Protein chains: 2
Amino acid sequence: MNYPNKKTNTLNSNSTSEISFSNRGMKLESDINKTNQFYLDTDVAVIHKKPTPVRIVNVSYPSRNRAKITEAYYQEASTTDYNGIYKGKYIDFEAKECASRTAFPFSSIHPHQITHLKKCMDHGAIAFIILRMTLFDKTYLIKADEFIEYYKGTTRKSLPFSWIKENGYLIDFKLSKPCDYLKTVDKVFNL
Amino acid sequence: MNYPNKKTNTLNSNSTSEISFSNRGMKLESDINKTNQFYLDTDVAVIHKKPTPVRIVNVSYPSRNRAKITEAYYQEASTTDYNGIYKGKYIDFEAKECASRTAFPFSSIHPHQITHLKKCMDHGAIAFIILRMTLFDKTYLIKADEFIEYYKGTTRKSLPFSWIKENGYLIDFKLSKPCDYLKTVDKVFNL
């Protein structure tokens with residue numbers, strides 16, 4: 001059980017090895033997936049991570065009805081990673097880890113993901129970003145509308161940590177729910 | 001533009017080639033994707049197909065920051081293929097093509113997908129199945145609750161076409177919206 005030794009996943013910003021690169025963001029994802037499973041098992045909500053989009057180039061059939069993908073590439077996601085239903089509401093969010101001490105770079109989130117969050121809000125969704133500042137071991141819920149307002153109104157390239165502390169909402173950690181964001185959603189969105 | 005010549009994708013049930021096997025269900029998927037894009041472009045709804053789940057076994061790095069997946073396998077989906085938001089409601093559905101003249105086999109839909117539809121309904125979702133009977137070139141919306149009621153209450157291995165004709169709701173075809181299911185949703189769910 002690789003859980004919950006937080007130190008092991010703290011990014012070493014000097015590291016350039018592919019292993020640490022490919023592990024980026026995995027601990028938060030794992031925490032959210034465990035929490036979603038808990039929500040599902042206890043009939044609180046139905047929220048899933050979408051599969052990673054992959055562009056498949058070559059498939060071979062070593063045996064009948066057994067397809068082996070032999071060439072494929074990671075694709076950019078056109079939407080956010082997580083969505084589902086909670087208390088009758090459509091929920092949509094993106095989750096990001098950030099290893100900086102000072103700010104979350106806007107380059108970490110794709111413009112079409114921001115567009116997607118905006119479109120979801122326009123249709124009545126509960127939309128937000130979960131942002132973990134790994135060096136401080138703190139996880140925040142940031143409302144999509146407040147994030148977008150700042151993003152559209154600034155010439156900066158990143159979201160300052162001071163802004164995050166002031167406008168974000170801390171998410172609780174529990175063993176059974178290592179990223180208990182729906183508790184925060186209840187408070188922030190008055191559900 | 002491979003669109004919308006319906007004959008080309010009609011399944012030949014005698015065919016055993018892998019090519020026809022791998023094309024199964026692709027025409028309906030393409031029709032729904034085009035329709036979803038139309039809904040998105042006209043601000044009607046935000047509904048996307050989830051990426052196909054793939055289990056990645058091996059990745060190589062022929063060049064820096066360019067990951068090439070060299071071994072991967074298709075995985076069973078744990079949820080349905082489509083979800084999103086429409087008129088403030090969470091929408092969830094599975095889409096299937098059926099080449100039989102008489103019935104839709106229950107083996108074509110995974111039990112965990114049925115469980116997922118049930119869970120979504122319990123939380124207030126608009127949940128349904130889109131079923132295309134390819135030999136008759138007709139596409140039906142079937143409410144998830146009615147499908148599940150029949151499924152749970154029968155010892156049959158399939159949903160008879162007579163039941164589908166009586167309980168399903170025909171979905172319109174238009175050039176811009178080759179599977180205009182939200183028009184049917186409006187009527188069936190009184191939105």
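Buried area is the accessible area that two parts lose on being put together, summed over both. Keep that in mind for the pairing of chains A and B. The model is predicted.

Between chain B and chain A, the buried area is about 3700 Å². Carbon and sulfur atoms give 61% of that area. Each side is counted in residues too: 42 come from chain B and 42 from chain A. Two salt bridges are counted between chain B and chain A. One salt bridge joins the side chains of Lys119(A) and Asp43(B), at 3.0 Å from N to O. Several elements of chain B give two or more residues to the side that touches chain A. They are helix 1 (18–23), strand 1 (45–49), strand 2 (54–63), strand 3 (66–74), strand 4 (82–86) and helix 3 (111–122). Strand 3 of chain B supplies the largest share of that side, nine residues. Polar contacts between chain B and chain A involve nine residue pairs, with both residues at pLDDT 80 or more.

Now take chain A by itself. Its secondary structure comes to six helices and 10 strands. Chain A has 191 residues, and buried residues make up 44% of them. Among contacts in chain A between residues at least 6 apart in sequence, 63% join residues at least 24 apart.

Helix 2 of chain A covers residues 26–41, which is 16 residues. From first C-alpha to last, helix 2 reaches 22 Å. That is close to the 22 Å expected at 1.5 Å a residue. Which residues of helix 2 of chain A are buried? They are Lys27(A), Leu28(A), Asp31(A), Ile32(A), Thr35(A), Asn36(A), Tyr39(A) and Leu40(A). Just after helix 2 comes Asp43(A), with a positive phi of about 60°. Most residues other than glycine have a negative phi.

Lys87(A) also has a positive phi, near 50°. The residue lies in the loop between strand 4 (82–86) and strand 5 of chain A. Lys87(A) is partly exposed, with a relative accessible area of 46%. Phi of Lys87(B) is near 50°, a positive value. Lys87(B) sits in the loop between strand 4 and strand 5 (89–98) of chain B. At 46% relative accessibility, Lys87(B) counts as partly exposed.

A polar contact of 3.0 Å joins the side chains of Asp186(A) and Lys87(A). Asp186(A) lies in helix 6 of chain A, residues 181–188. With a relative accessible area of 24%, Asp186(A) is partly exposed. Leaving aside neighbours within four places in sequence, Asp186(A) is in contact with Tyr86(A), Lys87(A) and Leu191(A). Ile109(A) is 77 residues from Asp186(A) in sequence. In space, the two are 25 Å apart, C-alpha to C-alpha.

Next, a loop in chain A. Thr102(A) lies between strand 5 (89–98) and strand 6 (103–105) of chain A. Is Thr102(A) buried or exposed? Thr102(A) counts as exposed because its relative accessibility is 56%, and the cut-off for exposed is over 50%. Not counting residues up to four places away in sequence, Thr102(A) touches Leu159(A), Pro160(A) and Phe161(A). Lys174(A) is 72 residues from Thr102(A) in sequence and 26 Å away in space, C-alpha to C-alpha.

Finish in chain B, with Arg132(B). Arg132(B) lies in strand 7 of chain B, residues 126–133. Its relative accessible area is 5%, so Arg132(B) is buried; buried means under 20%. What does the side chain of Arg132(B) make with the side chain of Asp31(B)? The two make a polar contact, at 2.9 Å. A polar contact of 2.8 Å joins the side chains of Arg132(B) and Thr139(B). Leaving aside neighbours within four places in sequence, Arg132(B) is in contact with Lys27(B), Leu28(B), Asp31(B), Lys96(B), Glu97(B), Cys98(B), Lys138(B), Thr139(B) and Pro178(B).

Notes. Residues are numbered from 1 along each chain as its sequence is written. Chains are lettered from A and ligands numbered from 1 in the order in which they are written. This is a predicted model: local features need pLDDT of at least 70, side-chain atom pairs count only at pLDDT 80 or more; totals for chains, interfaces and linings use all residues. Side-chain values use heavy atoms; hydrogens and water are left out. Helices (H or I, at least four residues) and strands (E, at least two) are DSSP runs, numbered from the N terminus. Buried means under 20% relative accessible area, exposed over 50%, partly exposed in between (1.4 Å probe, protein chains only). Contact means heavy atoms within 4.5 Å. The expected span of a helix is 1.5 Å times one less than its number of residues. Buried area is the accessible area (1.4 Å probe) that two parts lose on being put together, summed over both. A salt bridge is a side-chain nitrogen of Lys or Arg within 4 Å of a carboxyl oxygen of Asp or Glu. A polar contact is a pair of N or O atoms within 3.5 Å; within protein, one must be able to donate a hydrogen and the other to accept it, and residues adjacent in sequence count only if both atoms are side-chain atoms.
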